[in-house]
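I opened the model and kept notes on what I looked up. The entries follow in the order I made them.

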Amino acid sequence: TNATPAQLSIEKKWVDASGAEITKPKETAVYFRLLQAIEGGEAVNITNTLTQNANGVTPLNGFIKVTADMGWKVSIIGLPEKDANEKAYIYTLAEYLYDEATGSYVPQEAGGKDSSLVSIVPADDQSNDADYTVTNQEKEPPKVEVSLVKNWVLADGMTLPADATATFQLYRLADGKNPELVGEQTWTSASNPSWKDLPTVGSNNETYTYYVKEAATSLKATFTVTYKDSKGSTYTDASIGSYQGIAGGTFTVTNTQEVTSVSVTKNWQDASGALASAPTGARIELEMYRRANNDATTDVKVGENIVLPTSDGKWTAAFSNLPKTSLDGTQTYTYYFKEVKIEGAPGYTTTYNNGTEKHTAPIGSGTAYIVNQAESTKIKVAKEWYGVAPDQKLEGTEAFLPASIDVTVYQRAVGDTGEG
């Protein structure tokens, strides 16, 4: 902004975004540099040439400091109007603010650096001595939007109902503290909540940030809720108190259904009931069923063609990510197993520990056991003597028939012709 004064009087004013004059804190100060040029020439900073005696001001670190204690006013006198060639001088003011964090002076350019717009308006363009008002207008703080994306991670066999809903609350933090509920919206499969035109600065210049919280869902199963903001930070309902929020962005909210796991183990026993190795080549097939609220009429098959041993030779199969309850929370689930096929193990009887003669006992978690025990058999051995009665002496001897004899029993597999 140009002038050709002998005296330059400057008044500093502060206005808000609407143009209304405001009072800045007393500790606020502004700093000016005075630039001098002739028309068409380069502007030169002459601030350090000014003196109290000649110009009525004492520069500080190359700046003219103006404060509230000065009434936000300063006058610079004794400025030459023309150079030696009678060419008129043009004077320009440049304003700065001091940044204590960096220890530097920050220029306040028109158009808005550091939340300010700077304008220098001469009171009378025709006067030789000029009065100038330097106005800093606060920028309208930017408005932001907060939106969310909803994810559901369900247990095996569960399908999200088309009419599922979730209610979300939007909270605002002022300088990272004092959460305040500012909005509530409902998620549906057709609509994600979004809050627009949210302020980022409060009336006391506090910084606003935001976070979302799930208040309720139409699904009554137990879920773990996790939140991730657009900057990658995460929080849960338990850790939400330490979360600082974001100044606009998108939250991804994931509900993970509570699940359980069960396993089934096949044990082999000999005829006496002692644990034994499985017969060579033995193979079984199982089915898994789910029961609701301990009601057998609700049984539904949830697994079939379960083969043991597994590919790594183990007689245990494990199943995870199973729902503990129905999505509406009205049914509690348990699981049981049934042996439907056995190969390579003739002569074995199947029993179910703590279950019925048809399947294992239903369990909500843990391991179910199926036992295959070798069937026992009886062998009757009779010894007959010919030509002598038990009370007769053997011919030519004084001996009677023995009271007992020892017999050795051998076992041979069916089809085996080798030595028993």
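In which strand is Asp197 found? I found Asp197 in strand β13, residues 194–199; strands (E, at least two residues) and helices (H or I, at least four) are DSSP runs numbered from the N terminus.

Provenance. I am working with a predicted model, where local features need pLDDT of at least 70 and side-chain atom pairs count only at pLDDT 80 or more, while totals for chains, interfaces and linings use all residues. Residues are numbered from 1 along each chain as its sequence is written, and side-chain values use heavy atoms, with hydrogens and water left out.

Backbone. I noted a phi near 55° for Asp197, a positive value in a residue other than glycine. Asp197 is exposed, with a relative accessible area of 59%; the classes are buried under 20%, exposed over 50% and partly exposed in between, with a 1.4 Å probe and protein chains only. I also logged Asn321 in strand β21, with a positive phi of about 60°. Asn321 counts as partly exposed at 28% relative accessibility. Leu308 and Pro309 are joined by a cis peptide bond with omega about 5°, and I placed Pro309 in the loop between β20 (295–308) and β21 (316–323). For reference, most residues other than glycine have a negative phi, and most peptide bonds are trans.

Overall form. I counted one helix and 24 strands in the protein. The radius of gyration is 47 Å, well over the 22 Å that the globule rule gives for 420 residues, so the protein is more spread out than a compact globule. That radius is taken over C-alpha atoms, and the rule is 2.2 Å times the number of residues to the power 0.38. The C-alpha trace spans about 170 × 45 × 35 Å along its principal axes. I have 35% of the 420 residues as buried.

Cores. I took a nonpolar core as a set of buried Ala, Val, Leu, Ile, Met, Phe, Trp, Tyr and Cys residues joined through side-chain atoms within 4.5 Å. The largest has 54 residues, and Val212, Phe251 and Phe319 have the most contacts inside it. Strand β11 (residues 165–174) gives this core its largest share, five residues. A second, separate core of 20 residues includes Val30, Trp72, Leu79 and Val134.

Ser261. I located Ser261 in strand β18, residues 259–269. Beyond four places in sequence, Ser261 is in contact (heavy atoms within 4.5 Å) with Phe319, Ser320, Ser365 and Gly366. The C-alpha atoms of Ser261 and Ile363 are separated by 9.8 Å, though the two residues are 102 apart along the chain.
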